[in-house]
Each structure stands twice: as C-alpha cells, then as structure tokens.
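Here's a friendly walk through a few strands and one surface patch. Take a look at the sequence and the model, then read on.

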Amino acid sequence: RVAGAITASGLLTVKSPNVRVEDGFIRSRFRYVTVNAVLDEEGNVVAIPTERFYRFKTKFQPRKLGLLQVGWGGNNGSTVTAAVVANQQGVSWETRDRVHLPNYNGSLTQAATLRVGFDDHGRDVFVPIKSVIPMAEPNNIVLGGWDISGFNLADAMDRAGVLEPDLRRKLRPHMETMKPLPAAFDRQFIAKNQVPRADNIIESQDKQVQLDQLRRDIRDFKEQNGLEFVVVVWTGNSERYAVESEGVNDTADNLLSSIKSSHQEVSPSTLYCVASILEGCPYVNGSPQNTFVPGAVELAKKHNVIISGDDFKSGQTKMKSVLADYLIGCGVKIKTMVTYNHLGNNDMYQLTDEVMWKPKSASKSRVIEDIVDSNGTLYKAGGDSPDHVVVVKYVPFLGDSKRDVSEYTSETFMDCHYTTIMHNECLDSALCSPLILDLAIFAELFSRVLYAVEDENGKVKEESFSSMESAMSVLGFYMKIPRTPPGEPIVNALGRQKSCIENLLRALVGLEPENNMLLETKCP
Ligand code: NAD
C-alpha cells in the first residue's frame, strides 16, 4: 500500500445492491443507525442502538434552474451574477501580478471534495461533491431578481466595487441589459438611510397587489426562460423584526388574510416568501429578520416547499462555529468571546440603524449555544455560558472589505488561561456569493428527493414516498440560525453540519456514512 490521495475528475458510480437507477430515479436503501439515550434517575445513561431502513428516490436529472435574488442589485446579488457570467463566458482579467481565470472557489458543491474510500494502492480517493449525485451546474443557472434600486447589474456591480476594474469592464456588455424587477417595499421595515435608493418599487402599497405581482414575476421569469424550477433567495437588506401576534401571522390562513388587509406587520420579505411558496419555489432567507413567521412556516409545510434560513453564515460566525467546537470539544472552557467587525459596504451602513442591528446582533450571538450545551462537564446549566460580545462598526473607506478581529479567552488545564486572537480580512461578498449558489443548487437537489421508511417486513409502498420536511435543516451549514423541523435541535458546529450534508448525499446513492475509522489499515 502507498499512502496518498487523489481526486478523481469523473463521475461517481456506486456498485452496490443498495442502489439502482430505474425509470429516471436513483433508488437507494439506507440503514440508519441511531441511539436512543435514556437517562435514569441517578443521571446514568442507557444507550439503546436502534435502526430503521430508509428508501430514497431521487429524480436523476437536475431541472433547468432559475435563481431569483431579492436584492439583486446589492453587493451579493451583483457579485453572484458577475461570477456566473464570467464563468459562463470564460472571461479572464488582469491585476498587477497576473491574469486570473474565473472559478467557483468557496462553493462546497463546486470546489470541495468528499472522500469515497481507498483505491487498490491504499490511496484515499476523493471526488468533487458535485460528482456524487447529479446537480445543477452554476453556469446553467438563469439569474434574475428584484431590487428597490433600479440600477442595471453592470452599474450595480460598479457601485458594489467588489470585483477588479478590468473584470468589471469586460463584464459590462453582458450585464447592462440585466435590470432588477420593481420591488415590494415598505419603508418602515428598512433603515431610513436606504430610502434614497428606492426608485424601483411596485407602485401600489397594497400588500395583496404586491403579492400578486411577485407571483406573476416568478411565473413570467419561469416561462420566459423555459425554466423547470426556480429558487428564491433573500439577499436584500436586513429588515427589522415583524411583530408576531395571534390572528395576524400565527397561522397560514391568518397570514394570508393579513396580506389581504395590508396589515402593517407583514414585512416585504414575508411577501416574497409567501409568493415563492405559493409558486412552489424554495425560499432562502439570507438575513436575520423573522421572515418565517409561524404562518409562513405552516404555509411552506402545507405546500411542501423548502424553506431555509436564517442569515447566511459566511465569515466570522462560521469561524466561530469551528473554533468554539474545537476548543469546547477538546475540553477547553471558553470564558470570553469578543469579536469586532468593521467594513464599509451598504449592508453595514444600513446596520448603523439601531433597530435593524437588533436581529443581526441576535443572530450573531446565538451561534455557539448548542456547542456550549453539548459539554455539561465544562458548563453547568444556567448562567455559566461564555461572555459573548459582538461589536460591528461602519468604516466607509473599507467598502466591502470585511475585517474581523476576535479574541477568545479560555480556561484550560488547572485553570491556566489560553488566549487565541484571530484576524480575518475578506471581501464580504466573496464570502457570501458562493453560498448563494450552493443554496440554490442544493435546494433544487433536495426538492428532487423523496423518502419512505420500510415496514417491519422490509417493504415500502410506492405511494408512501414523500418529500423531506420543508424546513430544510440540512442547509444549516450555510445559516447562522438554522431553521429546523419541529423537535429537531439546532446544530451550529460546522463540522457536524458538513458531515450531515455529506452523509445525506452518500445515503442518496447507497453509501454508508463516513465514519473516519480507517479500520482497513488499523486492524488489517
Ligand atoms: P447590499 O446592501 O449591498 O444589498 C442589499 C440589496 O437589497 C440592496 O441593493 C437593496 O437595494 C436591496 N433591497 C432592500 N430591500 C429590498 C426589498 N424590499 N426588495 C428588493 N430589494 C431590496 O447588501 P449585501 O452585502 O449584498 O448583503 C445582502 C444581505 O445578506 C444583507 O441582509 C446581509 O445582512 C446578508 N448577509 C450578508 C453576508 C455577507 O455578505 N457576507 C453574510 C450574512 C448575511
């Protein structure tokens, strides 16, 4: 055996009695082993392994996919668009040091790999994640969207100032014909400093009229581009919280009647969400506001439509969910986490408004709760959590270049202090744009998946196959506050989230979960 690793560029074929391709579906059988952990009165745990057999049935071919971004003319929206056009057209660009070719680095589907197993020489064999199961190609995704600002996408890209000037010049002819659709807008949900850019809005302030228009926009986009499936992603500004109350947005029916009566607590983002659900399109909430009021969640479930949120997990928070997992996972007790962000883009400008900052502050603060809760040896229940401080500042000169400085002070062996200081710098939109593409690609994939559980005789009825839960927690990898189905605990630790995605993909093609034991070599 020789050590080493290779990444194959071709497709993955699984030869196993657990999987077959038939009638346009990948049909897999998957043994899911879990543990029922029962706590007795003395605090002892009795672990009872249980198993159930799942059948998955995944439509083989990805559908022709469209992505509608709410906030298309923003930094993220224009950067996603520029990257897709550059990749489609093979546009290269020059900087002082070299010529650059377009790529999709930073995307899990496009640039990360999954370990399949050992080859005959004992080398680890990896495949790109996109080769595990057919997925939509980002170059084939048709882009569109809404924005309160009427800038065409070339001007929006220049306004964002994220990409290099040479690239922007070359992309301009491809992007100046792209123009955002008029937006559903309500000035009381957004910071005052954003109002001057609102020159492209649906004229009527009647919420039912706005909803009907958004639904028409989705249908037209689908029809005009010959699309089979559309995903809607909110990458608009962070809104204030909508007030949740009985009779207004607590049930699907009440929410729909509140829209009809133009109730002031129905936010624009909830209107986009409801429009998407009613048109059968998954909706992703990339900001922290409570778009998914209980009525919207119920509506998504009723219509079997995927929803995912809240708030993209792209930079500091992602790092936090890795570092906290590492420290606490190694038995080191984090006592303080103090983090500073500063940048100067429009999103940060809008967050200078106290009311808009509130949801963002909450979503940034909650991100290690499950990691702390997982270690009751270090942290006693109630009041023993780390001091967690998050400061963000608007520094216009830096534009989209986000800086974060974080200091973690922990107690380790015999209460000795262990301090970690970290500094990151990256363009905010370069962190976020690949996530938006991945979310669209995975939402399309997971909406092709049906599952059934075998009965005690190992049989399933064809009619018992159903879609996965509409609250798509498997996409929690991309979210600061992952939305989960009722009863499912939130997982923030990035490693656990990533292995959830990988193992689900493996299950869909009849492979066991990765266990990292490598017993072939340890116990040959
Ligand atoms: P941005 O301000 O550049 O873009 C937001 C766009 O949304 C603007 O063009 C604005 O005109 C538009 N908009 C506002 N209200 C709208 C409405 N009702 N309908 C349609 N368009 C509307 O911000 P950005 O940097 O692109 O970030 C977008 C969102 O993603 C923000 O809410 C941000 O908090 C969230 N987010 C970003 C990151 C990241 O970039 N790394 C990480 C987490 C979350």
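Two strands count as paired if DSSP finds at least two bridges between them, and strands themselves are DSSP runs (E, at least two residues) numbered from the N terminus. What you see is a predicted model, where local features need pLDDT of at least 70, side-chain atom pairs count only at pLDDT 80 or more, and totals for chains, interfaces and linings use all residues. Residues are numbered from 1 along each chain as its sequence is written, and side-chain values use heavy atoms, leaving out hydrogens and water.

| Strands | Sense | Bridges |
|---|---|---|
| S14 (residues 333-343) and S16 (residues 401-411) | antiparallel | nine bridges |
| S16 and S17 (residues 417-427) | antiparallel | 11 bridges |
| S2 and S3 | antiparallel | four bridges |

Start with S16. Its Ser 406 sits opposite Thr 339, while Arg 403 faces Glu 425 in S17. S16 and S17 make a hairpin with five residues between them, and Met 414 in that turn has a positive phi of about 55 degrees.

Now to another sheet. Five strands line up as S2-S3-S4-S18-S19 in an open, antiparallel sheet. At its edges are S2 (19-22) and S19 (466-467), each pairing on one side only. Val 19 has Ser 28 in S3 as its bridge partner.

S3 (residues 25-39) also holds Val 38. Together with Val 46 and Ile 48, Val 38 forms a nonpolar surface patch of about 220 Å² accessible area. The areas come from the Shrake-Rupley method with a 1.4 Å probe.

Notes: Patches are made of residues with over 30% relative accessible area and no salt bridge: like charges are joined within 9 Å, nonpolar side chains (Val, Leu, Ile, Met, Phe, Trp, Tyr) within 5 Å. A salt bridge is a side-chain nitrogen of Lys or Arg within 4 Å of a carboxyl oxygen of Asp or Glu.
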